[in-house]
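Trainee: I am new to this entry and would like to go through it with you. Could we start once it is on the screen?

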Amino acid sequence: MSSLPVEHDTQKTSAIGADPYLGATQGAPLDKGLMAVLTLATHFKAEPFDAREIAFGDFAGYGKWKKSEATGVHAEVLIIRAWLALLVNPSGDYQGVPLATAISQLRGRKIQASQPACWCCAKLMKQYGILFPSTAGSKPLAGWRHPLAGKTVPNADIPAKESDITDEWLNKVQSGFK
Ligand SMILES: [Zn+2]
């Protein structure tokens, strides 16, 4: 695996997906230092880009996210949604894959954020087989949005206990908040 080429800005919630690199940050334009380069031709983009450009676009029947509704969209979720969108709907001459195949292709990829992953992102990354630092996170401070859901789950609907955030809960959130 390649090492990350940039320093993290710890003042922001930000994440870098490694190999291929993909940057995401919330609440501000992506810093130059957080820009990430997709190095593999099979990952469809030669130039660095902001994961939000993809995550907030149309995505194969999974709705268009509005930037004005970005509350609860965590950096990890932006990266996951952007990865899935690129695998399902690649640009250029590349062949897209079905969503289930795209999800299976996330297995083994890495996301490293400047803050520990919240309970929801951590459980989702485990479900998808994405690797991330094991530092314990906490319940999201506000809502949380699943990368394949159309709406953000209000904070009050997120369980108070981490052990109640299960695969079943994630599936319910995905289907219940279209
Ligand atoms: Zn999170």
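Mentor: A definition comes first: pLDDT is the predictor's confidence in each residue, from 0 to 100. It applies here as this is a predicted model.

Trainee: Over which residues is the pLDDT below 50?

Mentor: Residues 1-12 are one such stretch, and the model gives them 25 contacts beyond near neighbours in sequence. Residues 30-46 also stay under 50, with 39 contacts beyond four places in sequence. Where pLDDT is low, the predicted coordinates should not be read in detail.

Trainee: Moving on, how many helices and strands does the protein chain have?

Mentor: There are five helices and three strands. Their order along the sequence is β-β-α-α-α-β-α-α.

Trainee: And how much of the chain counts as buried?

Mentor: Of its 178 residues, 34% are buried. As for contacts with a separation of 6 or more, 53% join residues 24 or more positions apart.

Trainee: Which residues of the largest nonpolar core touch the most other members?

Mentor: That core has 38 residues, and the ones touching the most other members are Ala55, Leu78, Ile79, Ala82, Cys120, Cys121 and Met125. The elements giving two or more residues to the core are α1 (51-55), α2 (75-88), β3 (110-113) and α4 (119-128).

Trainee: Which element gives the largest share?

Mentor: Helix α2 does, with eleven residues. Of the 14 residues in α2, 13 are buried, so the helix is largely enclosed by the rest of the structure.

Trainee: What span should α2 have, and how far apart are its end C-alpha atoms?

Mentor: At 1.5 Å a residue, α2 should span 20 Å, and its end C-alpha atoms are 20 Å apart, so the two values agree.

Trainee: Back to α4, then. Which of its residues are buried?

Mentor: They are Trp119, Cys120, Cys121, Ala122, Leu124 and Met125. What covers them includes α2, β3 and α5 (167-176).

Trainee: What does Met125 touch?

Mentor: Leaving out residues up to four places away in sequence, Met125 touches Glu76, Ile111, Ala117, Ile130 and Phe132.

Trainee: What follows α4?

Mentor: Glycine 129 follows α4, and its phi is positive, near 75 degrees.

Trainee: I also noticed tryptophan 144. Where is it placed?

Mentor: Tryptophan 144 is in the loop between α4 and α5.

Trainee: Is tryptophan 144 buried or exposed?

Mentor: Tryptophan 144 is buried, because 27 other C-beta atoms lie within 10 Å and the cut-off for a buried residue is 20 or more.

Trainee: Which residues is tryptophan 144 in contact with?

Mentor: Beyond its neighbours within four places in sequence, tryptophan 144 contacts Gly72, His74, Cys118, Cys120, Thr152, Val153 and Ile158. Glycine 72 is 72 residues away along the chain, yet the C-alpha atoms of glycine 72 and tryptophan 144 are separated by 4.2 Å.

Trainee: His74 is in that list. Where is histidine 74 placed?

Mentor: Histidine 74 is in the loop between α1 and α2. Histidine 74 is also buried, with 25 other C-beta atoms within 10 Å. The C-alpha atoms of histidine 74 and histidine 146 are 9.2 Å apart, while the two residues are 72 residues apart in sequence.

Terms used
Residues numbered from 1 in each chain as written. Predicted model: local features only at pLDDT ≥ 70, side-chain atom pairs only at ≥ 80, totals over all residues. Core = buried A, V, L, I, M, F, W, Y, C linked by C-beta atoms within 7 Å. Buried ≥ 20, exposed ≤ 12 C-beta atoms within 10 Å, placed from the backbone. Helix = DSSP H or I, 4+ residues; strand = E, 2+ residues; numbered from the N terminus. Contact = placed C-beta atoms within 7 Å. Expected span 1.5 Å × (residues − 1).
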